[in-house]
Amino acid sequence: MKKSAFFGSVTALALAASGAMAAEGDTLKEVKARGVLNCGVNTGLVGFAAPDANGNWTGFDVAVCKAVAAAVLGDATKVKYVPTTGQTRFTALSSGEIDMLSRNSTWTFQRDTDLKLDFVGVNYYDGQGFMVRKDLNVSSAKELDGATICIQTGTTTELNLADYFKANGMTYQPVNIDSNAEGEQQYMAGACDAYTTDASGLAATRAAFADPENHIILPEIISKEPLGPAVRHGDNNWGDVVRWTLYALIAAEEYGVTSANIDELAKSSQNPEVQRLLGTTDDLGTMMGLDAEWAKRAIKAGGNYGEIFAATIGEQTPIGLARGLNAQWTQGGLLYAIPFR
């Protein structure tokens, strides 16, 4: 009994120590000591996060991982990309397998409170849509009564879909899938009449088809899906690092700071916000445990928000997404950065 009590005490102490390790700033210290950022991404969604034939990851969400690595480690290539599904992504984050999640994930009440995650901001304002084959001769989601629909489990799309069909007095047969790759495969094999997910994801999926012109995205958007990077709840300093790296990318576009002119502006800009952003004045990095040029490196890693958007998912890419709600607030969109002051 005494031996059991002893080991019970040791276990309790170990748990207490483990809790202490979740104290503010520990993730930043661990990433610096490891020399690599473990970033959770999609298993493969063209334009957002996907590896090429050589295993090199690129995409809109990948760019956020690179920016954080550049800010913290001084090298945008110091990233280990961890593919996660809709069901595994939050477990990977809460367990410590990854340091941050950058995987087209929706910020919701339950995820923020019950799952104890902190979403650091919104990097893409999206909404759920439907894709069907052109030869189905459907022009509206309200014509999908009785349809089979491919849907990823462990996502907000499940509840949204049920709510939408119930509200419109329709029925459907779900075809459950674990990943976008499986959804694409099932949809193309004819296992479902329609595929539903975020509209941006549908555009990315369609762009990868050999015959994208034979598939249409229906006009209805049935939900609000604010997508953004997430970190573990309780490590406020690490949350600040990821949050302000994202805002640095957004602010850079607003202030006209690009990957091409950033070095010149660091020397010559008279804009106080640009000076603070690029570390010329007011060494903001020290407040988070970083150096003065953290934001400058983050921006140089892939450009400002607008450059990243245009290069990965914009209108000149196969994905072909317009800025829409993701335009800067000065251009009628919802995007803006918290002031750097």
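Modeller: Gladly. By the rule used here, there are eight salt bridges. A salt bridge is a side-chain nitrogen of Lys or Arg within 4 Å of a carboxyl oxygen of Asp or Glu. This is a predicted model: local features need pLDDT of at least 70, side-chain atom pairs count only at pLDDT 80 or more, and totals for chains, interfaces and linings use all residues. Residues are numbered from 1 along each chain as its sequence is written, and side-chain values use heavy atoms, with hydrogens and water left out.

Colleague: Which parts does the salt bridge of Asp 263 and Lys 296 tie together?

Modeller: The two side chains meet at 3.4 Å, N to O. Helices (H or I, at least four residues) and strands (E, at least two) are DSSP runs, numbered from the N terminus. Asp 263 lies in residues 262–268 and Lys 296 in residues 294–302, so the pair joins parts 33 residues apart in sequence: helix 10 and helix 12.

Colleague: Is Lys 296 buried or exposed?

Modeller: Buried means under 20% relative accessible area, exposed over 50%, and partly exposed in between (1.4 Å probe, protein chains only). Asp 263, at 34%, is partly exposed. Lys 296 has 12% relative accessibility, so Lys 296 counts as buried.

Colleague: Which residue is linked in a network with Asp 263 and Lys 296?

Modeller: Asp 263 and Lys 296 form a salt bridge with each other. The network of salt bridges also takes in Lys 300.

Colleague: How many residues apart in sequence are the parts that Glu 273 and Arg 341 tie together?

Modeller: Their closest N and O atoms are 3.8 Å apart, in a salt bridge. Glu 273 lies in helix 11 (residues 272–277). Arg 341 lies in the segment after helix 13 (305–312), so the separation is 68 residues.

Colleague: Now strand 1. Which strand does six bridges join to strand 1?

Modeller: Strand 1 covers residues 37–42, and six of its six residues are buried. Two strands pair if DSSP finds at least two bridges between them. Leu 37 stands opposite Val 79. The parallel partner with six bridges, residues 79–84, is strand 4.

Colleague: Which residue in strand 5 stands opposite Gly 40?

Modeller: Strand 5 (residues 100–101) runs parallel to strand 1, with two bridges joining them. Opposite Gly 40 stands Leu 101.
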